[in-house]
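Keep the model open as you read.

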Amino acid sequence: MRRRGKAGIGALADRRAARDRFNEQAAVIQQVDTERVQREIAIFKEQLTAFALKHKGNIDRDAVLRQQFSDMCLKIGVDPLTSAKGFWSEMLGVGDFYFSLGVQVTEICINTRSINGGLLDLDSLLNLLRNHRGPQAPAISQNDIIRTIDHLKVLGGGYEWFKIGERVIVQSLPLEMSPDHNSLLLLGQELDGFVTLELIQEHLKWDAVRVDRALRSLVQESLVWIDEYEGKTLYWFPQNVF
């Protein structure tokens, strides 16, 4: 067995010392980079604050500008819907804006649930909100509604949004929509708001058991209405009709 000489031991110690110095230097560099980033974020936040104070009225009125400003704030970790007493609320009152919008969205979803079963087209919801708020209220956009619904999720109650074809649907009931449910909703949209067992099997190629399982849960939640017409059973999707 070959024994390591003093020179070999010394070389090993030198390598360990060099590695330790490298790690120390890397830690220093990382600390410097972290401090630099924190300074830049602080400066950016000061600039946003000045911009907010100067253009508060425009941000309140202009949904596009509010969206752009919101995106900038999110990049530095400020969320207008979760900062109850933070930057947004103190500078702009935008936290109050979204809180108020959330209440209005909830009211409309609850009040229309008996008509649409808890599924409401986003365009329809936007129009209902605009009528409810009146012409003097700050402008709102679809994006404002989607942001609000994203944060209503934490309250429970099944608030969610999803796409059916090109449409965005707002859900306000605690039902997990499966791919089969979505396929039926899309088919109902394509077929003027209703389907029959025969139409489902023709278009989706499902067997009778699969059709019955998907329809039954939608009927139980009033998302589909049953109508008898000329000896046929029609399944209506109210969110596609009203």
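A nonpolar core here is a set of buried Ala, Val, Leu, Ile, Met, Phe, Trp, Tyr and Cys residues joined through side-chain atoms within 4.5 Å. Bear in mind that this is a predicted model. With that in hand, look at the largest nonpolar core: it has 22 residues, and Leu119, Met177, Leu184, Ile200 and Leu218 touch the most other members. Strand S2 (159–164), helix H8 (179–190) and helix H10 (208–220) each give two or more residues to this core, and H10 gives the most, with four. Apart from this core lies another, of 19 residues, including Ile108, Leu120, Leu129 and Tyr159.

Now zoom in on leucine 218. Setting aside its neighbours within four places in sequence, leucine 218 is in contact with Leu175, Met177, His181, Leu184, Leu223, Val224 and Phe237.

So how do H8 and H10 sit against each other? Their axes are 10 Å apart and they pack at an angle of about 85°, which means H8 is roughly perpendicular to H10. On the H8 side, Asp180, His181 and Leu184 make the contact, while H10 brings Arg210, Ala214, Leu215, Ser217 and Leu218. Sort those contact residues by type and you get four nonpolar, two polar and two charged.

One of them deserves a stop: serine 217, which sits in helix H10. Is serine 217 buried or exposed? Its relative accessible area is 17%, and buried means under 20%, so serine 217 counts as buried. Its side chain makes a polar contact with the side chain of histidine 181 (2.7 Å). A polar atom of the serine 217 side chain also lies 3.1 Å from the backbone oxygen of alanine 214.

Conventions: Residues are numbered from 1 along each chain as its sequence is written. This is a predicted model: local features need pLDDT of at least 70, side-chain atom pairs count only at pLDDT 80 or more; totals for chains, interfaces and linings use all residues. Side-chain values use heavy atoms; hydrogens and water are left out. Buried means under 20% relative accessible area, exposed over 50%, partly exposed in between (1.4 Å probe, protein chains only). Contact means heavy atoms within 4.5 Å. A polar contact is a pair of N or O atoms within 3.5 Å; within protein, one must be able to donate a hydrogen and the other to accept it, and residues adjacent in sequence count only if both atoms are side-chain atoms. Axes are lines fitted to C-alpha atoms, for helices over the stretch in contact, and angles run from 0 to 180 degrees between N-to-C directions. Angles under 35 degrees count as roughly parallel, over 145 as roughly antiparallel, 65 to 115 as roughly perpendicular and the rest as oblique. Ala, Val, Leu, Ile, Met, Phe, Trp, Tyr, Cys and Pro count as nonpolar, Asp, Glu, Lys and Arg as charged, and the others, Gly among them, as polar.
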